[in-house]
Amino acid sequence: MTYLFIMLYAVTLIYFALSERVKKFVWLLVIQGIILFAIVFFSLNEIELFDFIFILAETILVKSIIVPWFINKVRKRNNLKRTQEVSVPVFYSIIVVVISLVVSFLISNHLNSSHIHTRYFTVSFASVLFGIYFIIIHKNIFSHVVGYLIIENGIFLLSLAVGSEMPMMVNLAILLDVLMGVLVLGVFINRIGDTFESTRIDQLSRLKD
Amino acid sequence: MNIVLFKIAILLTFVLFLLSRKYQYYFGLALHLAIITISSIWVFNVLALSSTLTLPFIPFLGNTLSIKIDPLSAFFMLVINFTVLTGIIYAKGYLQPYCNKKSKAEMAWHFFNFLWLHISMLLVVIVRDGIAFLMIWEIMSLSSFFLVIFETEKKETIKIGINYLIQMHVGIVFLMIAFIVAYVQTNAEFSFDGLSVYFASHNPFWLFILFFVGFGIKAGFIPLHSWLPHAHPAAPSHVSGVMSGVMIKMGIYGIMRVLLNIPDDLFNIGLFVLIVSLATGLIGISLAIVQKDSKKILAYSSIENIGIIGIGIGLGVIGIAQNLPALAVLGFGGGILHILNHSLFKSLLFYSVGSVYKQTHTRNIEQLGGLIKKMPKTAMFFLLGALAISGLPPFNGFISEFLIYSGIFKSLHSASLYTDIVLMCSFVGLAIIGGLAVFCFTKMFSVMFLGTARSSKVEHAAEVNTPMLIPDFLIGFLIIIIGFIPVIFMRLISQIVVLFSADLSTFQQIIPTLNHISLSSGIFIIIFGLLWLLRAWQQKQQIVKQNATWGCGYSGANAALHQYTATSYADNFVQLTSKIVHVKKDFKDFDEAEIFPQNREFKVRTSDVFEDNLITRPGNKILAWLEKIAVFQTGKIQHYLLYALLFLALIFLLTFFNLI
Amino acid sequence: MVSLVLILISSLFFVGIIVKVKAKIAARKMPPILQPVYDVIRLFKKGAVYSLTTSVIFKIAPLIYFASALVATLFIPIGSFGAFLSFEGDFVFFAYLMGMGKFMMIVAAMDTGSGFEGMGANRESFYSMLVEPAFFILMGSVALFTNNISFHGLFLNFNVDTNLSYIIGIASIYVLVFITMVENSRMPVDDPKTHLELTMVHEVMVLDNSGFDLALIHVASWLKFSIFGALISNFIIQSSWAVHWQIAAFFGIQVAFSFAVGMLEAFRARNKMEKNPQWILMLSAISVVIFLTVLIITQKIILN
C-alpha cells in the first residue's frame, strides 16, 4: 500500500512542474500532506495512540491545513498575480522532474543497504532535487517558500527512510523548521509587501546594502 | 572471367571523352548496365550459397589485391546497383536542359564521374586491404565532389563543393590514423581483417571511436553532418538521390565492417552508437522541419534516417553484449532493412523534388503550391515516398521500424535494469522521431503540392515526360512489395544478421508476425476499396457540386495569401525547440501609435547550430587572428628583404650565444 | 469477432451519452441518446460539395481515416474474447495505423487551401506527435509487467493480484482517459463546441467535408472513443469472470467512461493553446512513473 502513495507523491511532483498558478501550488501542498499521512499510516507496524495523534497532527494538521492556510493568507494579502513566471519553459521542467525521478529510483536501487528503507528514499531524494530546482527557476519569493516546503516534505520522507520508528526529536525538529521557515518568511513577505509592493527577487537584491 | 570483363568495363569509361554529346549518355548507361550485371552475378552466387567469394583483382604494391564478397558486401552491392540504375535512368530527362548549355568535355566529365562513383562504391564494399580501401574511398569522395559542383556557373556551388571535399578529407585522416594505430600496435595485416587481431587484445572502445568519426563524417551523424545540408541541394537531383540513397551508407558499411571484427566488450560501443544515433535522429528531423529549401529538408531527413539505422545497429550491439538474442537479431535486422528502405524512398523523394525543380526552377517551397493539379504523377509518387519515410503502414518504412520496436519490446522482460532504462529511452526516441517525421512530411507535401499556387513560378509547370517517371515506378513497386510482403526479404536480411549474432531462432518467430502484418495491410486496402465503391454508389444518386473553399469572409484578392505557409506550420515547433533550431525572424513590430500600418517586410532565416558553433565560429576566430598576422604581408619587396636581414641577424646571434 | 461487435455497439451510444450529460449539467433539454446516429444517417442521404481547390487527396483521405480506425478496432480484445487480428507487437501497428489516418486527414485539411484548416492540421500533427510517447511507454510498461507483447496476451495476463498492480491499473486508466481526449481533440486540449476557427483542432480540419465523407469522419471518431473505452475496460475486466459478467462490465465501463468524458467536458476549461504541449508532455511523465512502478513490481529495482 505504501508504494501506491509513493507513486502518487511522484505524480504530485510532476504536477508541481506542470502548474503555473499559485492556487494550484497550495492545493498540491495540501494533497502532498494527505499523501504523506497515508504513507506513514500504512508503514507503521504498531501504532500507539499518542504517536498516531502526533503524526496525524504533524502531517494533516500542519502540512495540509495550517501551512497552506497561512500561505493562502499571504497570497491574498500581497495580491499576488495568478501565475508565476519561470525562467525555464515548463516543457523542460517536466523533463527535468522525470529525469530526477528516474535518477533517484536508480540511486535507491544502487543503495543495497539494510539500514535504510530505500522505498521512501526514492521520492524523498527526487523531492529534494526538484524542490531545489523549483527555487532556482522561479523568480518570486512566494514560490521560493513553496519550493522550501517541497524540500521539507522530502526530508520528512527521508526521516521515514532512516528511522525504524518515529523518533520524537526528529519530528519536532522538522516541525520547528517548517514553522520557523513559514513564519519568518510570512512575516518577511508582509513587511516587504508593506514597503516594497513587489515580491520579485531581482528587486529584493536592492536590499543588499 | 567476370573479373576481366569488370576490368574492361572500368577501362572503357575513359572512352567517354571521345564521344559526342548525343552518344555519351547511352554509352554511360551501357557501361552501368554491364557493371551491374557482372556484380549481380557475384552477388547471387554469394547469397544463394550464403558463403564468401574471394577473387584476385589486380596486382597492387607487390601482392595481389583480392576482393572478398560476403553477404554484407553483397547486400550493399544490391542496394548500390539498384539506386545507381534508377539514378542514371532519371538523369536522362533531368540533364536534358543542360546538354545544350554545357560543353562536350563537361558532360563527358560528369558521366565519367558518375561511372566512377558507381565503381568506387562497389569496390569500397568488396576491398578489404587497408591502403587500397583508403585509395578507393578517396576516389569516391573525389568523384562525388566533381558531381556536386556540376553547376559551376553558380559561385555558391564551388564553395559548397570545397567545403564538402575538405570535410571528406578530414574523415579520411581519421580513418588513416585508425588503421595506422591498429597496424603499429599489432603488426598484423594492414586491412580490415587485420583489425581483429587488435581488437582481440586491446580495449576496442577508443579505436572504434576513431573509425566512427571517420566513417561518421561520411554517414552524416551529428555533429559531423554539416556538409550534408549544403552538398545535397547544390548537386543535381540524380546525384543527390544517389548520394543520399547509397553514398552516405558507405559510412554505415564501414562501421559495420569494423564491428564485425570486435569480439566482446561491446556494451559501451553499443551504448555510444545508440546515444549518438538517437541525438542524430531527433536533431536531424527537427532541423528538417524548419527548412524552406525542398532539398535541404530531404538532406536533413537523410540525417534522421541514418540516426534510425544507427539506433538499430546500436541496439543490436547492446543485444549481443547483454545476451538478449531478440534485441540483437531484430535490432540488426531492422537497421539493415532500413538501409535498403531508405535508399528506396529517399531516392524517390529526390527524383520527385528534382522533377518539380526542373519544371518550376525553384527549390523554395514557399513559392510552390497546387502542383498536384499540374504534375499529378509526381505528386502521387512524392506522397508514396512521404508515407514510406514517415514509417506508416502498409509501406516499407514501417516494417524496418517495426522490427526494431519488436526487438526492444521482446527484450524488456529479460533485460537488466539499466538496459531497461536504455530500451525505454530508445523506443521513446523512435516514437518521437516517427511523430516528427509525420510533422515534417505533411508540411512538405501539403505546402508543395496542395492548396493554391503561392507564386507565379508554378504557372508553367507540367508533368515531366515518362522516361523520368520510370525510376519512380521501379522504386514505388519495391516500396509496396517490401511493405506488403516483407517475408520474402527476410531470408536476405537473415543472411547478414547471422554474421553478427548466430542465434536466428528469433528470426523464425518473426515470420508469422510479418505474415499477420501483410494480412492486416491487405484487409486495410480491401476496406478502403469497398468504401470507395460504396461512396461512388451513394453519390450517384445524389447531387455532387463544386464550390470555393469556405473562407469565413476572409477570402478576396489572392486566395494563395490565406493559406498556411511552411513557416507558420513549423512555428509552434520552433517555439518549443528554439535552442536547437536557430530560427531568426527579422521584422519590425507595429507600435501602438501606428494607426494605419505601413508596409512591412518579414524575413526568416535558419542556421545549423552545429555548423555555427563547430565550423563557422572557430573559423571566424582563426581568420580574425590570422588577419592580425597578415599585417606583415605588405607587398613591398623592401620589407621582405628587411625580414630576411633580420632573420640572418637572429641566426647569427643565436649561434653566437651557443643556443643552436 | 465478439469484441468487434461489442465495440461497434458501444460506439453507437458513446457520443450520445456525452452530449446528454453536458446538456443536463448545462440545464438544457437533453437530446436522445441515438441523436448522433440519426445525424450520420441523414448525412449518408445527402450529396456532397467539394472545394475547387482540392484534389484527389481530399477525396481519399476520409476513406483512409475511417479504414484505419476500423482496422484498428480489429485489434482490441475484451476480457477473454480474443481480437479478430492479433500478433506480437500489434500495438505498434495499431499506433502507426492510426498515424496513417491522421497523416491523410492533415494533408486533406491543407489541401483546401484555407488558413483555418491549415492551423488545425498543424496543431493536430503537433499534439499527436507529443502524445505518441505516452501511449508507447504505457504499453511498454504493461508489456514488461505481463511479459507479453500483443494486446490479447497483455490483457489476458493482466491480473490485479498484488496491491501494486492496482496502481498500474488506476494510473493507466487515468493516462488512457487523457490520451483519448488528446486523440479526439476534446477538452482540455480543444473545445469541440467553440467553433472559433482560431482555437479548434479537429473540428476545423473537417470544415469543408460534407455528405458521405463527413459521415465517415463522425463514425471514425465514435470508433476511436469506443476503442479507447475498450482498452480501459480491459484493465478492469478479468478473464476469469463469467462471460455474461464480462459483457455487462464492458457496457457498464463504456457508459461510465462516456459519463466521465461528459463531466470532464462540462466542468473543465480548455487549456490555453500555447500551454497544450506541456500538458500533453505531463501524460508521458506519468507514464514514466508507471514504468518505474512496473520495474519495482518485477523486482528489477530492489527496494526494501
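Here are some friendly notes on the predicted model above, point by point.

1. **Ground rules.** This is a predicted model, in which local features need pLDDT of at least 70, side-chain atom pairs count only at pLDDT 80 or more, and totals for chains, interfaces and linings use all residues. Residues are numbered from 1 along each chain as its sequence is written, chains are lettered from A and ligands numbered from 1 in the order in which they are written, and side-chain values use heavy atoms, with hydrogens and water left out.

2. **Confidence.** For the complex, the predictor reports an ipTM of 0.94 and a pTM of 0.92. Chain C has a mean pLDDT of 89, with 100% of its residues at 70 or more; pLDDT is the predictor's confidence in each residue, from 0 to 100. Within chain C, the element with the lowest mean pLDDT is helix α8 (residues 202–205), at 84, and the highest is α3(C), at 94. Helices here are DSSP runs (H or I, at least four residues), as are strands (E, at least two), and they are numbered from the N terminus.

3. **Salt bridges overall.** Over all chains, 17 salt bridges turn up, each being a side-chain nitrogen of Lys or Arg within 4 Å of a carboxyl oxygen of Asp or Glu. One set is a network in chain B that links B:K68, B:D70, B:R128, B:D193 and B:R257.

4. B:D293 and B:R363 form a salt bridge, with their closest N and O atoms 3.1 Å apart. This pair links distant parts of the chain, 70 residues apart: B:D293 sits in the loop between α13 (267–289) and α14 (294–321), and B:R363 in the loop between α15 (325–360) and α16 (371–374). B:D293 is buried at 18% relative accessible area, while B:R363 is partly exposed at 23%. The cut-offs are under 20% for buried, over 50% for exposed and in between for partly exposed (1.4 Å probe, protein chains only).

5. **A pair between chains.** B:K410 and C:E88 meet in a salt bridge at 2.4 Å, N to O. B:K410 belongs to helix α18 (residues 396–411) of chain B and C:E88 to the loop between α3 (56–73) and α4 (90–111) of chain C, so the pair joins two chains. B:K410 is buried, at 18%, and C:E88 is partly exposed, at 33%.

6. **A pair within one helix.** C:R42 and C:D39 also form a salt bridge, 3.2 Å between the closest N and O atoms. The two are 3 residues apart in helix α2 (residues 35–44) of chain C, about one helical turn. C:R42 is partly exposed at 48%, and so is C:D39 at 28%.

7. **Where chain B meets chain A.** The contact (heavy atoms within 4.5 Å) takes 5 residues from chain B and 6 residues from chain A. About 500 Å² is buried between them, 70% of it from carbon and sulfur atoms; buried area is the accessible area (1.4 Å probe) that two parts lose on being put together, summed over both. On the chain B side, B:L417, B:Y418 and B:L576 lose the most area to chain A, together 72% of what that side buries. Between chain B and chain A there are 0 salt bridges. Helix α19 (residues 417–449) of chain B supplies the largest share of the side that touches chain A, 3 residues.
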